[in-house]
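Please work through the following exercises with the sequence and the structure at hand, and try each task before you read its solution.

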Amino acid sequence: MDNASNRPLKGALIGYGFIQSKGHVPAYLQRKDVEIVAVADLCEARRGAAQEMLPEARVYTDHEILFEQEEGLDFVDIATPPSVHADIAMAALGRGLHVLCEKPLTTEPEDALALLKAAKSHKRVLFPCHNYKHAPVVKAIRQVIESGKIGKVRSVTLNTFRNTHAKGVPEWKTHWRREHRHSGGGIAMDHGSHTFYLTFDWLKSYPTRVTAKMTNLEPEKYDTEDNFSAVLTFPTGMAHVHLTWTAGVRKVIYTIQGERGAITVDDDEIQVARMRSTEGPDVAQGAIAWDVEKSSISSDWMDASHVQWFSSLFDQFRDAIHREDFVGREAREAYLCVQLIAHAYRSAQEGCRELTLPGEIPGI
Ligand SMILES: NC(=O)c1ccc[n+]([C@@H]2O[C@H](COP(=O)([O-])OP(=O)(O)OC[C@H]3O[C@@H](n4cnc5c(N)ncnc54)[C@H](O)[C@@H]3O)[C@@H](O)[C@H]2O)c1
C-alpha cells in the first residue's frame with residue numbers, strides 16, 4: 001500500500017443499516033480524509049438507500065464479492081448484526097484491509113482473539129467502535145479523573161435505561177437484537193461493551209471477577225435478555241452495572257466515587273463534588289463538607305446515531321493506521337469486553353455464581 005497519510009483513505013461499508021446510514025456516513029461526508037467507494041448489504045432496499053446517499057459508490061450484495069471486485073481499498077467499516085462480524089472482519093484482514101468494526105467486536109471470545117491474532121500477523125489495524133468514550137460529557141468525566149480532583153476512583157455505577165430494545169432498519173429484521181442467532185445475546189451483548197470499556201477507563205484496571213443476573217420479560221416472543229445487572233471486582237475497586245430495555249425513560253446515569261469526591265452524570269448534566277477537607281467533623285456534626293460544581297455538557301444522548309462521537313472515533317482509527325498500531329488498546333479492550341460478556345452470561349445461567357475472569361490475552 002502507498003503512503004496512506006497523504007491521501008484520503010478508501011473505505012468500503014459492510015452493512016448499510018441504521019448506524020451506518022445515520023451515524024457513520026454523515027460523519028464520512030463531512031471529512032476530506034476519507035472516501036467511501038463501495039458498500040455491501042444483503043438487503044436490496046438497503047442497497048438502494050446506500051446508492052442514493054453515496055451515488056459514486058459501487059454497491060454489492062455480499063462482502064466476498066465486494067472484496068473480489070474492489071482494488072485499492074484501505075479499510076472496511078463493518079456495521080452488520082454482531083453474529084457475522086467475526087467472519088467479515090477475518091475475511092477483510094486476510095485481504096490486507098484495516099478493519100473498523102461496530103461493537104460488540106464478536107459474539108464469542110475465541111473469535112475476538114482470532115481477530116486480534118490475525119490483525120497482528122497481517123499487520124492491519126483492528127479497531128472497535130467504542131464511541132461512548134467520545135461523548136462530550138464522558139470526555140469531561142475523564143478530564144476530572146485525570147486532574148486528580150476526586151482522587152483515585154474506588155467504585156463506579158453505570159445505569160443505562162432504555163424504554164425498548166434498539167431497532168434495526170425496518171427494511172431488514174428490525175427486531176434482530178431480540179433474536180439470539182443474529183445478536184448473540186440481548187442488552188448485555190448490545191450495550192455491555194459501552195458499559196464495560198468505560199469501567200476500565202475510570203477504574204484504571206481490568207476486572208478480575210464478575211457476578212451477573214438477567215431476565216427476559218417476554219420469553220414467548222424473544223430469546224434474548226432485556227434486563228441485565230452485574231457486579232465487577234477490579235484490583236482498584238468495584239463496578240455495579242445495570243442495563244435495561246424495559247425502563248420508563250431513556251437515559252444514562254453514571255456515578256464515579258473517588259477518595260476525595262465524586263462525579264454524577266445524568267445524561268448531559270454533570271456534577272463534581274469535592275470534599276473540602278478529608279479530616280474534621282462530618283455532615284452529622286453540621287459541617288458542609290463538599291464543594292459542588294454543576295454544569296451541562298450537550299452530548300446528544302437522545303440521538304442514537306452519535307454522528308459527532310463517530311468522527312472523533314474515526315480520528316483515532318486513522319491515527320492508528322498511520323502509527324501502525326495494529327492491535328492497540330481499543331482492540332484489546334474489545335476482546336476483554338466480549339470475554340466479560342461471555343462470563344457474565346455464564347454467571348447468570350449458574351445462579352449468579354461469581355466467576356474469575358482470565359483477563360490476559362494469550363499470544364498477543
Ligand atoms: N456504537 C453505537 O452507538 C451503535 C449504535 C447502533 C448500532 N450499533 C451496532 O451497529 C451494528 C448494526 O446495528 P444497526 O442498528 O445499524 O442494525 P440495522 O439492522 O439497522 O442494520 C444492519 C444492516 O446490515 C445488513 N446485513 C445483515 N447481515 C448482513 C451481511 N451478512 N452482510 C451484509 N449486510 C448485512 C442489513 O441488511 C442491514 O441493512 C451492530 O453491531 C450494532 O451493535 C452501534
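**Exercise 1.** Which residue in β13 is the bridge partner of T264?

Solution. This is a predicted model, in which local features need pLDDT of at least 70, side-chain atom pairs count only at pLDDT 80 or more, and totals for chains, interfaces and linings use all residues. Residues are numbered from 1 along each chain as its sequence is written. Begin with the two strands, β12 (residues 261-266) and β13 (residues 269-275), which pair in the antiparallel sense over 6 bridges; strands are DSSP runs (E, at least two residues), helices likewise (H or I, at least four), numbered from the N terminus, and two strands pair if DSSP finds at least two bridges between them. Within β13, the partner of T264 is then Q271.

**Exercise 2.** Find which strands helix α6 touches on the sheet.

Solution. Helix α6 (residues 136-147) packs on the sheet and touches β7 (153-161), β11 (251-258), β12 and β13, where contact requires C-beta atoms, placed from the backbone, within 7 Å.

**Exercise 3.** Explain why the ligand shell lies between domain 1 and domain 2.

Solution. First, take the bounds, which come from an automatic or database domain assignment: domain 1 is 4-132 + 307-328 and domain 2 is 134-299 + 339-356. Next, note that 30 residues surround the ligand, the closest being G15, G17, F18, C43 and G168; a residue counts as near if its C-beta atom, placed from the backbone, lies within 6 Å.

How values were computed. Contact = placed C-beta atoms within 7 Å. Axes fitted to C-alpha atoms, helices over the stretch in contact; angles between N-to-C directions.
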